[in-house]
Amino acid sequence: MSQCTELASLIRLNCQTAKVIHLKFELVNYLFGGQNIKRTKKILEKRIMDLQNSWKWSSNYDLTNYTLVVPSVAVGNVAQLACDLLIATLRMEKLVSIYTTAQVPLVGCDPYDLVSSTLSTSCELYVSAIHNLLVLQVRSPLIQKRARSFLENLVDQFQQKQIKDIIILSSSFAHEKKYIMTSPFRFIASNNTPYSERIQMAKLIPHEQHESDIKIFGGGYAVMLFNICKEKSLPCLCLYKYCSEGDNVPDAYDMVEQLQNIFPLLDRDQNPTTQFMQPASWKLLFGRPPPQEIY
């Protein structure tokens, strides 16, 4: 019953948002009679976008000095898989469900507890109070023309909560790697990042391009979010891996191990791989095994 109620509220929110947009654009057409429509439409779209990012908090947390990890929907979904691994391993608690018209909507079962009666949506925030860590899990791509408004709203929300910094996880096409014998990981960091010493200790390789023209091919919205953080003076680090599409679970493990060097989360006296806990939903990644009758 709780699933039906939650789904009904999501549908109702979609309908209400659609009505607001329709009425506002009808008003614009009436007032301006088709003149200056493009300019007014842009202004309204931005203002409506602010109203369309709905944050449903399940509890109140003081997020001062927390670190936020944000995955970019990129090659092989490595960053999202890494966030899944973090959420399951650290047994993180769901804090916020975010609805935005900038994202393809999605509703499904709880990916970390297959017997749970709660629903999961396309964008949710998880918290680990012990580690002062927030993980934003993004389960569907952003709509390009609305991505920037959503990401700006995202950064503004967390700046108001006085978080310490943002770590962006992403990936890039393996064929874009110029130096084959080097590590597959690269990083981009703002000048005010708190991880400068740990980055040196981990011997991470910086992004090859000039800071004024950053491009991560196949990296999704990682660069856009990094630039927004810089514009708003929020410390930011972007960590990405060169990889190919396929079974990217090993890449997710590598990503979290690399993150462990920069932001320690697990017991350093033990092998990190022995401490990982796979999300329950990973059992369903490739469907059932082939039927024996075909052999």
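The following legends describe close-up views of a predicted model.

**View 1. Arg91 in the loop between helix 3 and strand 3.** Helix 3 spans residues 78-89 and strand 3 spans residues 93-99, with Arg91 in the loop between them. The phi angle of Arg91 is near 50 degrees, a positive value in a residue other than glycine. Most residues other than glycine have a negative phi. Arg91 is exposed, because its relative accessibility is 63% and the cut-off for this class is over 50%.

**View 2. Asn132 in the loop between strand 6 and strand 7.** Strand 6 covers residues 123-128 and strand 7 covers residues 133-138; Asn132 is found in the loop between the two. For Asn132, phi is near 50 degrees, again positive in a residue other than glycine. Asn132 has a relative accessibility of 30% and therefore counts as partly exposed.

**View 3. The burial of strand 2 on both faces.**

**View 4. Pairing of strand 2 with strand 7 and strand 8.** Strand 2 pairs with strand 7 in the parallel sense over 3 bridges. Leu68 has Leu134 as its bridge partner in strand 7. Strand 8 (residues 165-173) also runs parallel to strand 2 and is joined to it by 5 bridges. Here the bridge partner of Val70 is Ile168 in strand 8.

How values were computed. Residues numbered from 1 in each chain as written. Predicted model: local features only at pLDDT ≥ 70, side-chain atom pairs only at ≥ 80, totals over all residues. Heavy atoms only, no water. Helix = DSSP H or I, 4+ residues; strand = E, 2+ residues; numbered from the N terminus. Buried < 20%, exposed > 50% of the residue type's maximum accessible area, 1.4 Å probe, protein only. Pairing = 2+ DSSP bridges.
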